[in-house]
Structure formats: C-alpha cells, structure tokens
2 protein chains.
Amino acid sequence: MQVSTERLFTEARSHNGWLDRPVPDALLRELYELLRWGPTSANCSPLRVLFVRSAEAKAKLVPLMAPGNREKTAGAPVVAILGMDLGFPDTLPKLFPHTDARSWFAGDEAKIAETAFRNGSLQGGYLILAARALGLDCGPMSGFDAKAVDAAFWGGTQVKTNFVCGLGHGDPAKLFGRSPRLSFDEACRVL
Amino acid sequence: MQVSTERLFTEARSHNGWLDRPVPDALLRELYELLRWGPTSANCSPLRVLFVRSAEAKAKLVPLMAPGNREKTAGAPVVAILGMDLGFPDTLPKLFPHTDARSWFAGDEAKIAETAFRNGSLQGGYLILAARALGLDCGPMSGFDAKAVDAAFWGGTQVKTNFVCGLGHGDPAKLFGRSPRLSFDEACRVL
C-alpha cells in the first residue's frame with residue numbers, strides 16, 4: 001500500500017476534535033498487522049493495546065483522564081490504551097527462539113522495566129505512524145491517572161499503562177496552530 | 001514523497017551487514033526533517049542524535065558496544081547514537097510557547113526522566129520509519145555500555161544515551177530468518 005511522507009510526517013497533526021466517522025474493528029486489526037513488524041530489542045514486543053470503543057469502557061476511562069483530556073477522549077471513535085507488559089520475558093522462548101533470551105532478564109526488575117518502557121514506546125511510535133498510513137488521525141495523550149488506569153484496565157496482569165491515543169478522523173476545525181520544532185543543528189551533529 | 005507500507009513495516013528487516021553504499025549528509029538532514037514532525041507530549045522533542053561516520057568517532061564507539069554488536073557497528077556507513085536530553089524543559093518556552101510548560105517539570109527529576117525516555121523512544125520509532133521511508137535500512141542495537149557512551153559522547157550535557165542504530169543499505173545475504181510476532185488476539189483487545 002502506498003502512503004506519502006506528508007501524511008506520515010510533515011503534514012500530519014495531533015487532533016483534539018473528531019469527525020463522526022466510524023473506525024471499524026477490521027481497521028484496528030490492519031493497524032496491528034502493520035505495527036507488529038516494527039523492530040524491538042530481542043523481538044520482545046512488550047506493547048499491549050486495549051481499543052476502548054464501547055460506552056461502558058469509555059465511561060470507565062474518561063474520568064481517569066486529566067480534565068483537559070476528557071472531552072477529546074469522550075469524543076474519539078476509538079481510544080487506544082497502550083500498555084507495556086512487564087511479563088514479556090515469558091514470551092521470548094516463542095518470539096526469540098534461537099537462544100535463551102528469557103534468562104537475560106531473570107530477577108532483574110530494573111532491566112525488565114527499562115526494556116519494556118523503551119520498546120513499548122518504540123512500538124507506540126509505530127502505532128501512530130501505522131494509523132496515519134491507514135488514513136487515521138491520532139491524538140496521543142500523557143495526562144491521566146496512570147495508577148487508576150492500570151487498576152481499572154489491566155487488573156490481574158503485569159501490564160502498565162504507557163500512554164493513551166485517540167484514533168479516528170480528526171476535525172481540522174479543532175486544530176491549534178502548529179508549534180515549531182528544533183532544527184537539525186539544534187538536535188543533531190555528524191561526527 | 002510516496003513510500004509503501006511493505007517498505008516501512010511488513011517487509012522491512014533489521015540489518016546486521018552493510019553494503020558499500022554511502023549515506024550522504026544531505027540524506028541525514030532529510031531524515032531529521034521528516035522525523036522531527038512526529039508528535040511528542042507538550043512538543044518536548046527530547047531526542048538528540050549523533051551521527052557517527054568518521055573513523056575517529058567510530059573507533060571511540062566500537063569498543064563500547066557489546067561484543068556481538070561491534071562488527072555491525074564498525075561496518076555501518078553511519079551509526080546514530082540516539083540520546084534524550086534531560087534538559088528538555090528549557091526548550092519548552094520555544095517549543096510550546098502558549099503556556100508555561102517548563103514549570104510542570106521544575107524540580108521533578110522523576111517526571112523529567114520518564115518524559116524524556118517515553119518521548120525520546122517515540123522519536124526513535126519515528127527515526128527508524130523515516131529512515132526506511134528514505135530508502136535506508138536500520139540496525140537498532142541496545143547492547144552497549146551506556147555509561148561509557150554517555151561519558152565519551154555526551155560529556156558536558158544533560159543527554160543520556162537511549163539506543164544506537166546502524167543506518168545504510170543492508171546486505172540481504174547477512175539477514176537471519178525472521179522471528180514471529182504476537183497475533184492481534186495475543187496483544188490487543190477491543191473493549
């Protein structure tokens with residue numbers, strides 16, 4: 001499938017308001033089918049996603065968001081809760097079968113947490129760009145009560161919430177002016 | 001510019017060996033020009049990149065990599081050291097000018113570190129996919145002596161190394177067999 005770098009990067013915006021256009025389950029499956037191939041260290045793939053769509057699940061999530069994020073969470077056709085599974089070492093015999101990668105993490109909670117956070121966030125970046133490739137807009141949000149979202153949505157698992165992302169077709173009328181970015185020379189050097 | 005989702009996701013591979021084809025500085029600037037537009041919370045943009053190309057800089061980096069990563073680091077036309085700047089709050093008056101976002105972080109080192117890690121890793125995902133969009137292959141690596149790389153490359157700054165990524169044109173003959181991924185039903189649910 002062809003997509004433009006304008007749609008992926010240079011002309012894409014984070015959205016705050018959403019058009020009344022549906023996001024079918026089949027598209028969420030297409031989204032995962034793209035993003036899952038992005039690289040992670042030792043293929044550890046710690047990202048777990050809850051796609052919140054129903055009124056019941058929305059009613060559970062909205063009050064746990066920061067006040068400024070509630071209306072956009074309520075209004076999005078689908079809101080993805082991106083979690084990272086601290087139990088990922090148990091998937092390594094399947095995901096990285098040619099060596100005993102699980103043993104690299106045994107008993108090392110700090111290494112597990114760091115690996116899950118780095119790679120779960122990388123996969124979050126893949127999710128955002130894969131959604132854009134499929135014609136969706138994104139509205140990523142970090143402002144919410146993380147402990148409460150963990151308890152309400154990931155109970156009985158080792159998954160911790162990383163960030164939350166509205167998915168749908170954004171309303172261009174609700175966009176703010178675009179903020180600047182750092183220049184190459186402010187952020188990079190060639191050595 | 002048009003790019004295919006096969007090149008970005010489903011047919012892309014992490015590379016271990018590199019063809020003798022150059023990666024000009026102009027392409028590194030194009031790479032940053034794409035990735036810098038990807039979203040970060042409060043537009044904080046903590047990613048900093050050192051593109052290691054010269055023999056001197058390579059000689060400094062290679063011995064700090066884990067033994068299994070040394071040959072592929074030495075052989076890549078360019079190796080990006082992706083850092084995250086813990087001093088990012090000082091850029092917020094410029095990057096997020098409509099409110100006093102710097103004050104959200106004042107004195108809260110844990111929040112600064114978490115925000116830098118999450119958003120610097122998101123930007124790492126954007127870098128990998130932007131490189132692929134430009135026809136480059138990637139070889140991301142987490143195995144290195146992070147404290148030593150910090151000291152050797154980011155001295156006198158608040159930047160910490162996140163991960164390292166070879167950039168160039170991969171040698172398909174050096175690829176391993178592709179590892180499986182989790183299915184939608186193993187990693188996701190619709191609520």
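1. B:L167 has its place in strand β5 of chain B, which runs over residues 159-168; strands here are DSSP runs of E with at least two residues, helices are runs of H or I with at least four residues, and both are numbered from the N terminus. At 0% relative accessibility B:L167 counts as buried, because buried means under 20% relative accessible area, whereas exposed means over 50% and partly exposed in between, with a 1.4 Å probe and protein chains only. B:L167 and B:T157 are 10 residues apart along the chain, and their C-alpha atoms are separated by 25 Å.

2. A word on the basis of these values: this is a predicted model, in which local features need pLDDT of at least 70 and side-chain atom pairs count only at pLDDT 80 or more, while totals for chains, interfaces and linings use all residues. Residues are numbered from 1 along each chain as its sequence is written, chains are lettered from A and ligands numbered from 1 in the order in which they are written, and side-chain values use heavy atoms, with hydrogens and water left out.

3. B:L47 lies in strand β2 of chain B, residues 47-52, and is buried with a relative accessible area of 2%. Which residues is B:L47 in contact with, leaving aside its neighbours within four places in sequence? They are A:A187 of chain A and, in chain B, B:L35, B:L82, B:G83, B:G120 and B:Q123, where contact means heavy atoms within 4.5 Å. B:L47 and B:T161 are 114 residues apart in sequence, yet 9.7 Å apart in space from C-alpha to C-alpha.

4. A:N69 is found in helix α4 of chain A, residues 67-75, and is buried, with a relative accessible area of 12%. Its side chain reaches the backbone oxygen of A:G143 at 3.0 Å. Not counting residues up to four places away in sequence, A:N69 touches A:M141 and A:G143.

5. The whole structure holds 9 aromatic pairs over all chains; rings of Phe, Tyr and Trp (its six-membered ring) pair if their centres lie within 6.5 Å, and planes under 30 degrees apart count as stacked, over 60 as edge-to-face and the rest as tilted. One of them is B:F88 with B:F105, an edge-to-face pair at 5.1 Å centre to centre with 80 degrees between the planes. This pair links distant parts of the chain, since B:F88 is in the loop between β3 (78-85) and α5 (92-95) of chain B and B:F105 is in the loop between α5 and α6 (109-133), 17 residues apart. B:F88 is buried at 0% relative accessible area, and B:F105 is buried at 5%.

6. B:F96 and B:W104 also form an edge-to-face pair, at 6.0 Å centre to centre and 70 degrees between the planes. Here B:F96 is buried, with a relative accessible area of 17%, but B:W104 is partly exposed, at 43%. A further aromatic cluster is formed by A:Y32, A:F51 and B:F184.

Technical notes: Polar contact = N/O pair within 3.5 Å; in protein donor to acceptor, adjacent residues only side chain to side chain.
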